[in-house]
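Open the model in your viewer and keep the selection panel at hand. The tour goes stop by stop.

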Amino acid sequence: MEFGRRDILISAASMVVGSSALARATPDRPLGYAIVGLGGYGLKVIIPQFANCTHSRLAAVVSGDPAKARRVAAEHGLPERSIYSYDTFDTIRDNPDVDIVYVCLPNSMHAEYTVRAARAGKHVLCEKPMAVSVAECETMIAACRAANRKLMIGYRCHFEPFNLEAMRLARAGEAGKIRYVRSEHGFVQRDPSVWRLKRALSGGGSLMDMGVYSLQAARYMTNEEPIAVTARESTDRRDPRFTEVEDIIDWTLEFPSGAIASCQSMYSANQNHILLMGDKGRIELEPATRYDGNHMWLGKDGREREVTPPPGPAKTQFAGQLDHMAQSVRTGREPIVSGKEGLRDMRIVEAIYRSAREGRTIRLDRRT
Ligand code: NAD
């Protein structure tokens, strides 16, 4: 268990101020999360993961559906006072059980709920993409800074054993000098009515959703920041699913070392792949960034072998992510995937869209 002098001092101070404050400051008390948005991810994926956590627990739910919120609260033993609607959300400031708000809403709502959570004095874990524009990301970072609260983005792959092992192998030079990265992510989006296909809620198409994985992979696998991007979009606008947002988008990133990343996202085929080509070998993951069942190979010296990574420190990537945020709050350290990381991606996302629109390369290291 990680806790230091600061926690002990807080704990000692709380003995003076009373028992409820003591409960809040005890170092090994798991920190309380409020889940905002009881949809596919918040309800079905994240909430069950608290069972795998050491430092985190479910403390509140925020939903537009009162019956669903009551059912989930009852299933998890939450009191009535820990159920919020979007209208009553700001009163979460008075709930000492909630330390961290986890925003699992459609993309265009991330900024609003992050800012409201920070103003309510809560730390924020916000799903990817961080927001729908650079300006919104900057507002979110400023709000959390002003409230002296932590902000982390739900980049779960930084806690996923295959991706961590691939990063370690790449950094250790197992494939030699990395020259080329490929990453494609997509799934078949069948239902034309979903919010992901409505620009006002999603901010964009496959790039805003699955493309974020390809972009992130290019950055964390090379451990470099891109200096230029060239993009091309391919969307059948007669398809009723794609009247507002893009289907397929391809983009090439150039890195300072000379490495190139060729990335893609789409809503019309299933793909989930990361390939790193170095001057001595290759590291390949497929599937690469799934919730589970990922696979990895290392090709070197004319031989190909499947790599099984050592188990991660947490039971699952989701528990690792939740507990990392809790420990960041507890220790005062910045989360490894803070708001700044989300902002970096959003700058590149805006440049990808601009490159596709204007049909030219956009420099990321200077104004073009
Ligand atoms: P979803 O459609 O399943 O759930 C969205 C939730 O938001 C629902 O509870 C819905 O009721 C609520 N909501 C509130 N206002 C809404 C509105 N105006 N329109 C539509 N829904 C509204 O979506 P999801 O798959 O849970 O995605 C939520 C967020 O989580 C997205 O930002 C997505 O990118 C992210 N996500 C991340 C991962 C990951 O692996 N990190 C996986 C899935 C989703």
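This is a predicted model: local features need pLDDT of at least 70, side-chain atom pairs count only at pLDDT 80 or more; totals for chains, interfaces and linings use all residues.

Numbering starts from 1 along each chain as its sequence is written, and side-chain values use heavy atoms, without hydrogens and water.

**Stop 1: the domains.** Select 5-154 for domain 1. Then select 157-310 together with 346-363 for domain 2. These bounds come from an automatic or database domain assignment. The C-alpha centres of the two domains are 30 Å apart.

**Stop 2: the contact.** Domain 1 and domain 2 each bring 14 residues to the contact (heavy atoms within 4.5 Å). About 1,200 Å² is buried between them, 65% of it from carbon and sulfur atoms. Buried area is the accessible area (1.4 Å probe) lost when two parts are put together, summed over both.

**Stop 3: a charged pair.** Show Glu 138 and Arg 347. They form a salt bridge, with the closest N and O atoms 3.3 Å apart. The rule asks for a side-chain nitrogen of Lys or Arg within 4 Å of a carboxyl oxygen of Asp or Glu. It finds two such bridges across this interface.

**Stop 4: the helices.** Select H3 (40-46) and H6 (134-146), helices that each supply at least two residues to the side of domain 1 touching domain 2. Helices are DSSP runs (H or I, at least four residues), numbered from the N terminus. Which helix gives the most to that side? H6 does, with three residues.
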